[in-house]
Amino acid sequence: MSVIDKVSSQQAIDLENKYGAHNYHPLPVVLNRGEGVHVWDVEGKQYYDFLSAYSAVNQGHCHPKIVGAMTKQAETLTLTSRAFYNDILGKYEEYAANYFKFDKILPMNTGAEAVETALKLCRKWAYEKKGIAENEAEIIVCENNFHGRTTTIISFSNDPVARDNFGPYTNGFIKVAYDDYEALEKLLESNKNIAGFMAEPIQGEAGVYVPSDDYLIKAKALCEKHNVLFIADEVQTGIARTGRLLATCGNCSCPNKDCSGTPDVKPDVLILGKALSGGAYPVSAVLANDDVMSVIQPGTHGSTFGGNPISAAVAMAALEVVKDEKLAENAFVLGELFRAELNKYIETSTICKLVRGKGLLNAIVINDDEEGDTAWNICLSLRDNGLLAKPTHGNIIRFAPPLVMTEKQLLECVSIITETLKEFEI
Ligand SMILES: *Cc1c(COP(=O)(O)O)cnc(C)c1O
């Protein structure tokens, strides 16, 4: 079969099954086009995308400004490696550093690479600035974390599927319960070798767990007290997804100064990925101020594609779209509406027990056990009804549409979701 032949959904699925490693279990739908909040399958059926490629497509599918920047740069210069300078990386670095209010950015490609970069940065800082003895540094991570798939990252996962039979594992990590300030305090007070504390501001893959309002603020204060770096993994929560530019916000230029109860925390190390490119290209980054980033010197870290000209052009365009189209504001307003509407339905529902989230990062909990197949079957029905979503953990369905959605579209989606849930009421 030639690559330009048109394939049916079944043919495409069969090809992946036969020739691709089985490292995913996709919902059976085969897409070949996307625009804004919509995607289309190869038979031409239109869907609302309620996953947004795990929050990478916050700016909507094939945003013309992002695609335009990408194609223009692709025709001019694609890759120089960092052996030489190019005329766009510096511009991007200045733009992103000012945008997120950090002194410096270290550009990488995927989220997992950026997490690895942050961990290396933290360890080096611990030895060269904090004065921890060689090879003694430890980094605290949270239970049920998701930070990616590299050998080091899965070493501190507690998901057996992600971890089992991939050992031996990387040492130097301690797990603490998420959203448990006292447990964190105990660890910090009893161990002088802690270099950093890494957390997701909302645990996305774990099932959209939103911590208590003051958790991140108190955790950051604890880190300051013990001279420990607070590392925020905002690969999924960042770039307007939760109704602010960042879920930790810091002193960013977020439009929703009035969203009460939302933490206002400036991480020492910020990890971004996914929507940093609007889903057009793999672009990730680590941001920090000079006192931390200065430990990185020539030869200590790198990536052939990290900070390549296309990624620089794409990321600048993607970040401009977030500001120009007020996506944080839109996510905030639509998120409130989404949860309010679903809560009305849940009052009398037996199948759906709970909706939770912030901005347009939400999840519903289905009345079934973790191993049950109700959530999967609901997603199949949602697909048939024109909306694509996927269970995160057994009985939890995440809802994360592109942030360019209108109120009218969101209400239409709410009705697709509630009508679908009705099919499953007992
Ligand atoms: C997706 C994700 C990652 C990993 O990103 P990849 O680009 O898939 O490597 C890391 N951290 C969080 C919080 C994520 O959601």
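Author: The largest pocket is the space taken by the ligand. A pocket here is an open set of points on a 1 Å grid over the protein atoms alone, where a 1.4 Å probe fits, with protein on both sides within 12 Å along at least five of seven lines; a molecule sits in it if more than half of its atoms lie within 2 Å of its grid points. The model is predicted, with local features needing pLDDT of at least 70 and side-chain atom pairs pLDDT 80 or more, while totals for chains, interfaces and linings use all residues. Residues are numbered from 1 along each chain as its sequence is written, and side-chain values use heavy atoms, leaving out hydrogens and water.

Around the ligand stand Thr 110, Gly 111, Ala 112, Phe 146, His 147, Gly 148, Glu 200, Asp 233, Val 235, Gln 236 and Lys 274, each with a heavy atom within 4 Å of it. This shell comprises three nonpolar, five polar and three charged residues, with Gly counted as polar.

Polar contacts are pairs of N or O atoms within 3.5 Å. Lys 274 places a polar side-chain atom 2.7 Å from an oxygen atom of the ligand. For Gln 236, a polar side-chain atom lies 2.8 Å from a ligand oxygen atom, whereas Gly 111 has a backbone N or O atom 2.8 Å from an oxygen atom of the ligand. Of the 380 Å² of accessible area that the ligand has on its own, the protein covers 81%, as computed by the Shrake-Rupley method with a 1.4 Å probe.

Note on methods. A polar contact is a pair of N or O atoms within 3.5 Å; within protein, one must be able to donate a hydrogen and the other to accept it, and residues adjacent in sequence count only if both atoms are side-chain atoms. On a 1 Å grid over the protein atoms alone, a cavity is a set of points where a 1.4 Å probe fits but cannot get out, and a pocket is an open set with protein on both sides within 12 Å along at least five of seven lines; lining residues have an atom within 4 Å of a point.
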